[in-house]
Amino acid sequence: ERTAAGGLVAPRINEVLEVSTAAARRPQAQLPPGTRLVAGTASVMTNPRPSTQLVCLHDLSQLLAAAGPSAAAAAPSAPSGAQAASAPAPEPDPAAARRSLFGLVEAHAGGEECAAWVASELPRRLAARLADCSDSAAIKAAVREAYEACDAALIAEAEARGWGGGCGVGLLLVDTCPTPPRAYLASLGAGRAFACCKQDGQAARAVPLGRPHSAADAKEKGRLAKAGATASGGLVCGLPVSRSLGDGAAKRAAPGVLLPTPDVSSFDISAAQRFVLLGSSGAWKGGAAAGETAVQKLSAELARMDARRNEIAAMLSDDSRLALLAAGRVNALQRERDERACEGAVLADLSRSLAGGKQLADPPFALLLVRTLPPDDRAAVALHAASTAAAAA
């Protein structure tokens, strides 16, 4: 995470900028530019040679700045040919600095090169198309258009480079521009995503975001029937998915069957939304029930982790208590904080559970945890007050 001054901080509880009390009282208050809703991220892959690519971008404006004039080429209205090369760089998009993007890109049918290309190219194209988008409908349309444009570009790139296969993509866009902030989940392929919703005093509840695109899904089965396609052995055009990016040969052989258009859902981020868990297809052999179990386990373990980190922080920040501890004990506490009492360790434990305790999962899978601010975080409390005031107004 980056602070407003540009410094780096560990993405931990209470290490975000606090919304001022004055801002919280204004009816239409919004988060100041430096505030981040994401308190922590973690990922785990069970395959030593992963076919899944990760996307973790905390600030889309940095992506556009790095792309320079080339970002204009990804926008719908960009000029072509020599004009594009000489076009001036687009004006900075202030909203981009308040948007974060996280996701998994899962290769299939030998599409590892395609997945790596998409992980780099799709966020850039999406950031360009999100410029000047503010309302929810426009953002959802921009996400769909970015996927479709990326698919066309990928097919051309794959043909030129001799790549085969394709990939599915699940992306989580966190937008702090509106009050309350809003999250968008775009799903394409066989991966799944679940949001954890937990009210105080209640059990955690898993909310499915999107659906897997395969012949086993009822809606996809109906769509495929209307397109005149049939699934054989659970495969569509010989592939385990019914929507994807890439797979140019299959799309040319059966136009309109394999689609590049994602499902896009959205929800307001409040104190009840604790985290989003994205996983590639191999993690969900138990279907939605596996997601429910994973979310409940993560919710409980993250609460225990927070409590332990608070204990360690209290010991390490108290000079009188530190004076009574041997140097070895202090080092052990620091290692525990960094290696065990963290989101990465909790997610690794979950991956072993989903793999049935096996060292190497079959099939391999990847998980990505995106954790929003806990309700008792200082910034979250101020944010909730601002959102309540805006709703009342």
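In this predicted model, C114, W117, V118, L122, R125, L126, R129 and L130 of α5 touch I139, A142, V143, E145, A146, Y147, A149, C150, A153, L154, E157 and A158 of α6 (contact: heavy atoms within 4.5 Å). Helix α5 spans residues 112–130 and helix α6 residues 136–161, and the two pack at about 140° with axes 9 Å apart (axes are lines fitted to C-alpha atoms, for helices over the stretch in contact, with angles from 0 to 180 degrees between N-to-C directions). That makes α5 oblique to α6, oblique being what is left after under 35 degrees (roughly parallel), over 145 (roughly antiparallel) and 65 to 115 (roughly perpendicular).

Then there's the sheet: five strands, open, antiparallel in pairing, in the order β1-β11-β10-β6-β7 (pairing takes at least two DSSP bridges; helices are DSSP runs of H or I, at least four residues, and strands runs of E, at least two, numbered from the N terminus). β1 (38–45) and β7 (205–209) sit at the edges with a single partner strand each, so one side of each has no neighbour in the sheet. Strand-to-strand twist averages 20°. Antiparallel strands β6 (192–197) and β10 (273–279) are joined by six bridges, and C196 has F275 as its bridge partner in β10. Helix α12 (343–354) packs on the sheet, touching β1, β10 and β11 (366–372), and its direction makes about 40° with that of β1.

Residues are numbered from 1 along each chain as its sequence is written, and side-chain values use heavy atoms, leaving out hydrogens and water. As the model is predicted, local features need pLDDT of at least 70 and side-chain atom pairs count only at pLDDT 80 or more, while totals for chains, interfaces and linings use all residues.
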